[in-house]
Amino acid sequence: MFDYLKGILVDKSFPYCTVEVNGVGYRLLTNLRTLNSIGELNSEVKIYAKLIHKEDSMFLCGFLNKQDRIIYDILTSVSGI
């Protein structure tokens with residue numbers, strides 16, 4: 001559904017970051033490596049996203065690049081994980 005978000009980084013509070021895109025703040029679940037590498041507050045960022053929809057919740061995961069998202073997809077496709 002989402003490929004990436006490009007906007008202003010307005011918050012970095014592990015394990016989340018918030019990116020404002022055209023007046024809408026998107027909260028993304030991410031890891032510490034991504035938070036440390038994404039950039040400074042109030043700078044423009046591009047973060048790749050994955051919408052996770054479970055029975056009782058929906059959330060966005062954020063990744064630095066497409067390769068990280070592909071690895072995540074492969075790992076989560078394994079049965080039992």
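Asn42 is placed in the loop between H1 and E4; helices (H or I, at least four residues) and strands (E, at least two) are DSSP runs, numbered from the N terminus. Its phi is near 65°, a positive value in a residue other than glycine. Asn42 is exposed, with a relative accessible area of 62%. The terms follow relative accessible area: buried is under 20%, exposed over 50%, and partly exposed in between (1.4 Å probe, protein chains only).

This is a predicted model, in which local features need pLDDT of at least 70 and side-chain atom pairs count only at pLDDT 80 or more, while totals for chains, interfaces and linings use all residues. Residues are numbered from 1 along each chain as its sequence is written, and side-chain values use heavy atoms, with hydrogens and water left out.

The protein chain has two helices and five strands. Read from the N terminus, the order of elements is β-β-β-α-β-β-α. The radius of gyration of the protein chain is 13 Å, close to the 12 Å that the globule rule gives for 81 residues, so the chain is as compact as a globular protein of that length. Here the radius of gyration is taken over C-alpha atoms, and the globule rule is 2.2 Å times the number of residues to the power 0.38. The C-alpha trace spans about 40 × 25 × 20 Å along its principal axes.

Of the 81 residues in the protein chain, 28% are buried. The largest nonpolar core has twelve residues, among them Leu5, Leu9, Val21, Leu28, Val45 and Ile47. Such a core is a set of buried Ala, Val, Leu, Ile, Met, Phe, Trp, Tyr and Cys residues joined through side-chain atoms within 4.5 Å. At least two residues of this core come from each of E1, strand E2 (16–21) and strand E4 (44–53).

Leaving aside neighbours within four places in sequence, Leu5 is in contact (heavy atoms within 4.5 Å) with Val21, Tyr26, Leu28, Val45, Lys46 and Ile47. Tyr4 is found in strand E1 (residues 4–13) and is partly exposed, with a relative accessible area of 38%. Not counting residues up to four places away in sequence, Tyr4 touches Lys46, Ile47, Tyr48 and Ala49. For the protein chain as a whole, residues 24 or more positions apart account for 43% of the contacts with a separation of 6 or more.

Pro15 lies in the loop between E1 and E2, and a cis peptide bond, with omega about 10°, joins Phe14 to Pro15. Asn22 lies in the loop between E2 and E3. Although Asn22 is not a glycine, its phi is positive, about 50°, and Asn22 is exposed, with a relative accessible area of 79%. Asn31 lies in the loop between strand E3 (24–29) and helix H1 (32–37) and is partly exposed, at a relative accessible area of 36%. Asn31 and Gly62, 31 residues apart in sequence, are 8.2 Å apart from C-alpha to C-alpha.

The protein chain exposes about 5,500 Å², of which carbon and sulfur atoms supply 52%. Accessible areas come from the Shrake-Rupley method with a 1.4 Å probe; for residues, only the protein chains shown count as cover.
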